[in-house]
Each structure stands twice: as C-alpha cells, then as structure tokens.
Amino acid sequence: LTPPHSQSYGMHSDVMDAFMVQLGGSKSWKVCDVTSWMAPGERYDQVPVKLNGTCEVVLMQKGDVMYLPYGTLHQASTSSDYSMHLTVNIERQYYVWL
C-alpha cells in the first residue's frame, strides 16, 4: 500500500522481468525505452538523455497489468489517492548447452 503523494526509489531498473498488477487506486509510472545495461556506470536518470531515449508516463488503474523487462528504467509515484500494486518478478534462467 503506497500513501498519497509518494514516489519510488527514483529512476531505477530491476535485475529480473516484472509484472506490475494494480490492485487499487492508481499509480503513475515513468517508463523509458532504453535499459540500464546500455550505459553501465551512468546515473540512471541521465541514461535516456545520453542515449537519445524517450520516457513515457503510464497511469495504472485498478485491474491494469504492465510488463517491465529486465533492465527497463522506471519510476513510480502516486497523486492524491492511495495506491496498491503487486509486483510479480520472473527470474530468468540461463542454460548452457555443452
């Protein structure tokens, strides 16, 4: 449960794929079309500018689901209402065939 007028960690990426399921209220997500691994060592809030990327604001409302692939830069915030979302992380499995 996220209180009104709150913000997540700032621009960041996760090390696994994630589905964001909005359970109640609404939440605004800033999602960028470049990934963190495209600019190692850079501050995440600078990556979209340096790589000519764009970011879009997506308003999630109750019942919406959003998929964020590994490394996708994103940031979440709430407005004057509460928000509740569930993050379902999917860990990638890497196999090596010999």
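**Aromatic pair and disulfide**

Me: How many aromatic pairs are there by the ring-centre rule?
Reply: The model is a predicted one, and ring centres have to lie within 6.5 Å to count as a pair. By this rule the count comes to one aromatic pair.

Me: Is the pair of F19 and Y67 stacked, edge-to-face or tilted?
Reply: The ring centres of F19 and Y67 are 5.0 Å apart, with 40° between the planes. Planes under 30 degrees apart would count as stacked and those over 60 as edge-to-face.

Me: Are F19 and Y67 buried, partly exposed or exposed?
Reply: A residue is buried under 20% relative accessible area and exposed over 50%. F19 has a relative accessible area of 34%, and Y67 has one of 39%. Both values fall in between, so F19 and Y67 are partly exposed.

Me: Which cysteines form the disulfide?
Reply: In general, a disulfide is a covalent bond between the sulfur atoms of two cysteines. A search of the whole structure finds one disulfide. Its sulfur atoms are 2.1 Å apart, and the cysteines are C32 and C55.

Me: Which strands does the link of C32 and C55 join, and how many residues apart are the two cysteines?
Reply: The link, which is right-handed with 95° about the S-S bond, connects distant parts of the chain. C32 is in strand β1 and C55 is in strand β2, residues 55–61, and the two cysteines are apart by 23 residues.

Me: Which of the two cysteines is buried?
Reply: The cut-off for a buried residue is under 20% relative accessible area. C55, at 33%, counts as partly exposed. The relative accessible area of the other cysteine is 6%, so the buried one is C32.

**Two residues and the chain as a whole**

Me: Which residues does I90 contact, leaving aside its neighbours within four places in sequence?
Reply: I90 is in strand β5 and is partly exposed, with a relative accessible area of 37%. Its C-alpha atom is separated by 9.3 Å from that of P69, 21 residues apart along the chain. Once neighbours within four places in sequence are left aside, I90 is in contact with M16, D17 and F19.

Me: What distance separates the C-alpha atoms of W97 and T72?
Reply: W97 lies in the segment after β5 (83–90), and it is exposed, with a relative accessible area of 79%. W97 and T72 are 25 residues apart along the chain, and their C-alpha atoms are separated by 28 Å.

Me: In what order do the elements of the protein chain run from the N terminus?
Reply: The secondary structure of the protein chain comes to one helix and five strands. Read from the N terminus on, the order of these elements is β-α-β-β-β-β.

Me: What percentage of the residues in the protein chain is buried?
Reply: The protein chain has 98 residues, and its accessible surface comes to about 6600 Å², of which 56% belongs to carbon and sulfur atoms. Of those residues, the buried share is 33%.

Key: Residues are numbered from 1 along each chain as its sequence is written. This is a predicted model: local features need pLDDT of at least 70, side-chain atom pairs count only at pLDDT 80 or more; totals for chains, interfaces and linings use all residues. Side-chain values use heavy atoms; hydrogens and water are left out. Helices (H or I, at least four residues) and strands (E, at least two) are DSSP runs, numbered from the N terminus. Buried means under 20% relative accessible area, exposed over 50%, partly exposed in between (1.4 Å probe, protein chains only). Accessible areas come from the Shrake-Rupley method with a 1.4 Å probe; for residues, only the protein chains shown count as cover. Rings of Phe, Tyr and Trp (its six-membered ring) pair if their centres lie within 6.5 Å; planes under 30 degrees apart count as stacked, over 60 as edge-to-face and the rest as tilted. A disulfide is a pair of cysteine sulfur atoms within 2.5 Å. Contact means heavy atoms within 4.5 Å.
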